[in-house]
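Here's a quick tour of a protein model with a ligand. Take a look at the sequence and the fold, then read on for the contacts, the cores and the ligand shell.

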Amino acid sequence: MNIVILTGAGISAESGLGTFRDKGGLWETADWRDLATPEGFSRDPGLVHDFYNMRRARVRAARPNAAHAALARLQADGRHAVTLVTQNVDDLHERAGAAGVIHMHGTHLVALCAACAHRWPAPDQMAPADTCPECRGTARPDVVWFGEQPYHMDMIVSALAGCDLFVAIGTSGVVYPAAGFVEIATRTGADTLELNLEPGERASDFAAGRFGPATQVVPAWVDEMLA
Ligand code: BJW
């Protein structure tokens with residue numbers, strides 16, 4: 001079976017990384033217009049770097065959980081062709097052993113030159129004075145902010161067009177284009193499944209849903225797929 005899996009912040013919640021829109025989430029205490037837009041970065045690059053420096057430190061201290069491990073197990077088993085797309089900017093899928101993970105919103109472990117698009121490993125602390133080693137342009141985290149085009153969209157849409165099953169895990173279904181993947185998969189005739197703590201915004205678009213903490217529902221679903 002060709003399976004496309006989309007993950008969101010909820011899969012990393014039990015590794016200690018905050019989600020965005022839950023109670024106590026990152027956007028409850030901070031304004032996304034200041035922290036996750038190119039305009040916010042132009043206004044106050046120091047504030048944005050501090051936000052990503054804090055999150056980078058949390059990611060470096062975090063460990064993959066049972067849900068990340070289960071998806072890596074499903075992929076490594078080889079019975080199904082698994083395309084893993086994540087909205088997350090952490091590297092917990094890779095550290096659990098997953099291969100070829102598509103980071104549609106980039107990763108804050110990489111720095112990006114805003115002028116020439118050169119990329120290099122992000123230092124633990126980035127600062128407004130940091131410049132590109134190639135052209136001296138402004139350095140920023142290699143993440144996709146609101147109003148910017150998510151990465152690898154051609155690859156993702158073609159994987160969705162050829163999949164038999166689309167599974168969304170731990171994502172609220174609020175942010176596009178990822179929130180529209182279930183529609184694309186449904187149109188192409190795929191079965192669809194939502195695995196989430198509770199039903200997300202697009203729950204009624206999925207053929208089925210299973211709800212509970214990712215560390216429980218994801219390994220249980222993977223066990224069934226490999227039974
Ligand atoms: C658990 C759990 C546990 C908790 N176990 N589950 C009007 C209509 C349609 C679109 C738009 C519109 N106005 C503007 C737009 C476009 C805009 C958009 O969607 N805005 C909406 C808010 C309306 N989108 C964009 O601008 C995007 N670009 C774009 O559209 O370009 C045009 C284009 C598209 C395609 C081709 C060509 C051109 C860019 C979006 C960039 C998003 N960036 C961020 C920041 C990235 C860097 C960073 O991490 O800081 O991405 S915002 C933030 O939201 C982050 C996330 O990846 C993303 C999604 O969040 P996610 O993962 O769903 O997290 P939460 O917190 O929302 O949900 C967590 C879920 O987990 C919940 O369901 C919980 O229940 C669950 N959970 N604990 C299991 N233990």
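Contact here means heavy atoms within 4.5 Å. With that in hand, Leu74 touches Ile3, Ile5, His80, Val82, Trp221, Val222, Met225 and Leu226, leaving aside residues up to four places away in sequence.

Some ground rules. This is a predicted model, so local features need pLDDT of at least 70 and side-chain atom pairs count only at pLDDT 80 or more, while totals for chains, interfaces and linings use all residues. Residues are numbered from 1 along each chain as its sequence is written, and side-chain values use heavy atoms, with hydrogens and water left out.

**Cores**

A nonpolar core is a set of buried Ala, Val, Leu, Ile, Met, Phe, Trp, Tyr and Cys residues joined through side-chain atoms within 4.5 Å. Buried means under 20% relative accessible area, exposed over 50%, and partly exposed in between (1.4 Å probe, protein chains only). The largest such core has 24 residues, and Ile5, Leu71, Leu74, Val167, Val218 and Trp221 have the most contacts inside it. Elements giving two or more residues to this core include strand E1 (2–7), helix H6 (66–77) and strand E8 (191–196); helices (H or I, at least four residues) and strands (E, at least two) are DSSP runs, numbered from the N terminus. H10 gives the most to this core, with 6 residues. Apart from it lies another core, of 18 residues, including Ile156, Cys163, Val182 and Phe206.

Is Leu193 buried or exposed? Leu193 is buried, because its relative accessible area is 7%. It lies in strand E8. Among the residues Leu193 touches, not counting those up to four places away in sequence, are Phe166, Val167, Phe206 and Trp221. Leu193 and Phe166 are 27 residues apart in sequence, yet 6.3 Å apart in space, C-alpha to C-alpha.

**The ligand**

| Residue | Atom on the protein side | Distance |
|---|---|---|
| Gly10 | polar backbone atom | 3.5 Å |
| Gln87 | polar backbone atom | 3.1 Å |
| Thr171 | side-chain N or O atom | 2.7 Å |

On its own, the ligand has 1500 Å² of accessible area, and the protein covers 76% of that.

Key
A polar contact is a pair of N or O atoms within 3.5 Å; within protein, one must be able to donate a hydrogen and the other to accept it, and residues adjacent in sequence count only if both atoms are side-chain atoms. Accessible areas come from the Shrake-Rupley method with a 1.4 Å probe; for residues, only the protein chains shown count as cover.
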